[in-house]
Amino acid sequence: MVLLNKCLIAILVFFSSPLIFAQDTSAVSDEMFRINNTWMMVATFLVFIMHLGFAGLESGFTRAKNAVNILFKNVSILCIGILAYALVGFNLMYPGDQFAGSFFGFAGFGIGAGSAGLTSAYNEGYTYYTDFLFQAMFAATAATIISGAVAERIKMGSFMLFATLYVALAYPIVGMWKWGGGWLQELGFHDFAGSTIVHGVGGWGALVAAWMLGPRLGKFIDGKPRPIAGHSLPLAFIGAFLLWLGWFGFNGGSVLSADPGAVSLVLVTTNLAAAAGALGALVVSYLASKTYDLGMVLNGVLGGLVAITAGADVIGPTGSVIVGLAGGALVVLSMLAIDRMGIDDPVGAVSVHLVCGVWGTLAVGIFGKADPAVLGYSLSFTNQLIGVAACGVFCAIVSFVFLTAVKMIAGLRVDQEEELHGLDAAEHGIEAYSGLPFSAPN
Amino acid sequence: MVLLNKCLIAILVFFSSPLIFAQDTSAVSDEMFRINNTWMMVATFLVFIMHLGFAGLESGFTRAKNAVNILFKNVSILCIGILAYALVGFNLMYPGDQFAGSFFGFAGFGIGAGSAGLTSAYNEGYTYYTDFLFQAMFAATAATIISGAVAERIKMGSFMLFATLYVALAYPIVGMWKWGGGWLQELGFHDFAGSTIVHGVGGWGALVAAWMLGPRLGKFIDGKPRPIAGHSLPLAFIGAFLLWLGWFGFNGGSVLSADPGAVSLVLVTTNLAAAAGALGALVVSYLASKTYDLGMVLNGVLGGLVAITAGADVIGPTGSVIVGLAGGALVVLSMLAIDRMGIDDPVGAVSVHLVCGVWGTLAVGIFGKADPAVLGYSLSFTNQLIGVAACGVFCAIVSFVFLTAVKMIAGLRVDQEEELHGLDAAEHGIEAYSGLPFSAPN
Amino acid sequence: MVLLNKCLIAILVFFSSPLIFAQDTSAVSDEMFRINNTWMMVATFLVFIMHLGFAGLESGFTRAKNAVNILFKNVSILCIGILAYALVGFNLMYPGDQFAGSFFGFAGFGIGAGSAGLTSAYNEGYTYYTDFLFQAMFAATAATIISGAVAERIKMGSFMLFATLYVALAYPIVGMWKWGGGWLQELGFHDFAGSTIVHGVGGWGALVAAWMLGPRLGKFIDGKPRPIAGHSLPLAFIGAFLLWLGWFGFNGGSVLSADPGAVSLVLVTTNLAAAAGALGALVVSYLASKTYDLGMVLNGVLGGLVAITAGADVIGPTGSVIVGLAGGALVVLSMLAIDRMGIDDPVGAVSVHLVCGVWGTLAVGIFGKADPAVLGYSLSFTNQLIGVAACGVFCAIVSFVFLTAVKMIAGLRVDQEEELHGLDAAEHGIEAYSGLPFSAPN
């Protein structure tokens, strides 16, 4: 019956004010806006839960004597990251019409929506506030990725300073190149949900930071890498599954509306790549070590997820299985290679996020199929390569500069005594498991 | 095309029965009702997950020897609370037209919807059953808040008896004052999602119960408080993050529809307050102890969340950061103060839920801005103060009476021997971590 | 305003092409399709999270020396199960028009939707891809149920081979009998979300496998069952709560649309049965052992959930409380009985999934009320019994045949030495909690 009212009102409006007819052709119904926004909010919650996933994965894969430190880093950088993104990041990444070039733009400090920001006049898929929140949850992941690679030896204050700068400045500038309408978008670089723009950005920061920090004490003996077992695989398992869950929002929300066909395809490719990533890592790690390696399988799931993230919307089910399988295999091979290079990445963050991020971004140029009229550009391997390289150069330099500055101001690494006894005792004055006799090497 | 049918049918109906036009002006489309109800169901799931969050937080912050006891309490009180709320609570809180004064009403025993309860004739935002379920998940939180404050020393049966009475009688009566259309609603007291109506009610019960029980053995030595470390900070961390996640439903669902502007604003203020709460607690606890205190930061997140709950809909982004910062700082200061008062609150429930609940409710009178025509009243500091005081007096008295009655019937506290060996051995005959040698003090 | 456009377009279309009017009467609006599909995606995520729930429950209820093994099994079988379901399972279960009898059908290998699969022409409730993903998450649960019953003694490769066959062939064939339009659907057997079709199928496999494997070393001494305590009740608690959460999607999603009345009723009956299941198990286990048994209460929640799954849509609130209470009580009694029969089911999978699955399916014939015109058949106790028996015979035989074949090829059980030292050392070369001195029996 309400439709009747609407029809009658609409007819009245039509005859009295023909201009409105033309103005509103792009708008969506209240219901459509509401369902889109609801989906985007659900996706936001799922991306939020990834931060718990990261915390579980990282602390589970490292030693009990540093668990409080890792948890503290992860909750703090999430909170500081959200506040920094509200203050400057969001407005650097989405400058809108205010001051925007192809490489840099800025829309002013702080957030706040006028009344239009709460309607579909802002966007048919979400309100201004939903937009901010979804993007803020994304932004904080870039810093959290780095957290894993620097675990068990970085100074708390130094990490927080670096991570805040990275989330507030480096991540949004690269993000603007693609998602804020900058030069990578103009070029025709395709990165659906951020294999490069998020995971590559985090992964480069992780690689540079792990290299600058040097390996943990005891990781290399006579130049040979030694495995340092994590203290709780159940905790890491919980973390990996929550990351998988969160990825449904990370990729599914990147459709930016609840479009049934687009979102459900993205969910299927995302999920198949995750499953195939596990299988790829299982097979390769079994061939390499003749054991069923749980850590590798969990990282294989994540490698498959990172890899499909760039092309989840333009790669079909079969392609996504191939992308995932290769991603899972790459994680295992990359972790062995990084160990041999003398770089210590306690949780495999570089292999998962950077290596699979590069693979997935390039895979768009191999397996991706899309209508250029819809995308606004043709998929091309060359453009994918340019995007990967540009982000790599920018992030590597910025990470190096930021970390060098932080090193000069406050130092990067805890002293040897603190590292041996664990950062929990030194920086937090508390144990993760009070009363439990974890043995010395852990 | 379906629209065409609807239009034609509507036009036929219009001409044949003009009365319907007037009758149905308040109704919403099927699509609108469906999206609203879906959002409310999602919010319900999120509030459900808070109960897992509470369980993780409480057991993680306490000792291994009592972990089974805490988990048992939390699952039991959730289940009994849901059943009790179905039997009487829901009908005390929302008496509807059946028998309702300003202070008390009752709609009869049990739940069950007529066919109208399944349509938007019941409410434009949700069905009768969604309404019940969302409210039932809320109700059980009030008891669970108390659970943390009485941990490690209360008798299982006594707690369950008290908690059941509190969820079935005390919580719904206070809730009716505001959300059931009672005298606080008529007065113009604003408490959007329950800083006072839920967290204050739980917090007062927690304070009275912790005071009546007395401190755990060994908490105070020569009158000085001694820290008793929790046995698993990763477990507490998981709990805190699940509570944060759940709060998106607690506050977001309290809009009572999927209204994009209202819900997304509420989510942003909720999230900013949580992040700011962590920062407030981080800074104040660092200043106080020169360590990075993970427990304080996690409680700071919760303090920020409790504080913004009353005004998440009427406070802007900047205001929510201030409310959250102060909430996080207050948690730290309050935990120190409560320790000095000789009251033992093992997980900081009183500081998080009562102190921040009072602060957040009063903050509505300071930072809140809303159109009186929409709310039905003007925001006023005085009204906020009246609401806080009224709930405090009622809940303190009811808690005292209920607990005194339970004490006389069954006693409140386990005997000294049981407390020393842990409640798990005494009441449950099992260890939380079979085979693990937790050391004596834990 | 967009409505005006639609109305005008529709009117034009109507007069120019009257045929379209007739064609589209069954279609739904874009908005309706979008909200339905969004709900089904949310439900899919919730079912996904059940796999984390199973992993937590199973590993928590068993010994630390086998925790990695259990986690490895659960992540691998989920991933392999998803891929196998994509390759053949989905097309066996939903053969559609391609080749379908009453007992068997097949629609070809692999998945992939034509453009109609992305619209409401496929189904008013979801796209082809959402359909696949929701069903794939369901399918993998059947194998995971078995995983718990065979824990701590089965060979990894043998389990994976058996589980893959079971998910890819046995589960979809039984599923097709009911949900693919086969003979049980034609008969009028009612199993809303799978008390028998999912939990019974998994439960029969669990019973046959546990019986064929024989008990763990030390489970029976002189023929008397000995309790073997799980190593982490907090982990099991997290698992049980995530299963409860996931069940909102398992049952709620089985409505196959976001219909507010139907879904919200299902959520309420599901939730009341869970709460009542806890209470039933609490009371019966307290009477039996005079302790508050956390494991029994958690399994009671699950028993209540399994029991209501068949009739969540046709049983009212009061009936669901009774079904749940009995389910919780049955779990306790069944676990005692299975112990006495000399069968070792480490986590109680048979009691929870098979016994409560049978009870719940039969309960539909006792408490269920529905309009035959809507369902397409009348609810009948006899038909429920036929469905239970048919699934039981088929699954028991298939399980026995598959397991016998796997036994001949690769053996089923690890050798005695491996079992004593734990499967983690033998098959995975790693400990779940590196550095922690779990004592010998665990």
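Contact here means heavy atoms within 4.5 Å. This is a predicted model, where local features need pLDDT of at least 70, side-chain atom pairs count only at pLDDT 80 or more, and totals for chains, interfaces and linings use all residues. Residues are numbered from 1 along each chain as its sequence is written, chains are lettered from A and ligands numbered from 1 in the order in which they are written, and side-chain values use heavy atoms, with hydrogens and water left out.

**View 1. Where chain A meets chain B.** Chain A puts 55 residues into this contact, and chain B puts in 66 residues. About 5200 Å² is buried between the two chains, with carbon and sulfur atoms giving 82% of that; buried area is the accessible area (1.4 Å probe) that two parts lose on being put together, summed over both.

**View 2. Zooming in on A:Arg34 and B:Asp259.** A salt bridge is a side-chain nitrogen of Lys or Arg within 4 Å of a carboxyl oxygen of Asp or Glu. That rule picks out one salt bridge across the interface of chain A and chain B: the side chain of A:Arg34 meets that of B:Asp259, at 3.6 Å from N to O. Helices (H or I, at least four residues) and strands (E, at least two) are DSSP runs, numbered from the N terminus. H3(A) gives the most to this side, with 15 residues.

View 3. Three residues to look for are A:Phe241, A:Pro260 and A:Tyr292, which supply 13% of the area that chain A buries against chain C, more than any other three residues.

**View 4. Zooming in on A:Asp259 and C:Arg34.** Between chain A and chain C the count is one salt bridge, and its partners are the side chains of A:Asp259 and C:Arg34 (3.6 Å, N to O).

**View 5. A salt bridge inside chain A.** What does A:Asp344 form a salt bridge with? The partner is A:Arg216, and the closest N and O atoms are 2.7 Å apart. The pair ties together distant parts of the chain, 128 residues apart: A:Asp344 is in the loop between H12 and helix H13 (349-367), while A:Arg216 is in the loop between helix H8 (195-213) and strand E1 (220-221). Over all chains, the count comes to 18 salt bridges.

**View 6. A nonpolar patch on the surface of chain A.** A:Trp211, A:Val393, A:Ile397, A:Phe400 and A:Val401 make up this patch, and together they have about 520 Å² of accessible area. Patches are made of residues with over 30% relative accessible area and no salt bridge, with like charges joined within 9 Å and nonpolar side chains (Val, Leu, Ile, Met, Phe, Trp, Tyr) within 5 Å. Accessible areas come from the Shrake-Rupley method with a 1.4 Å probe; for residues, only the protein chains shown count as cover. Helix H15 (residues 381-410) gives the most to the patch, with four residues.
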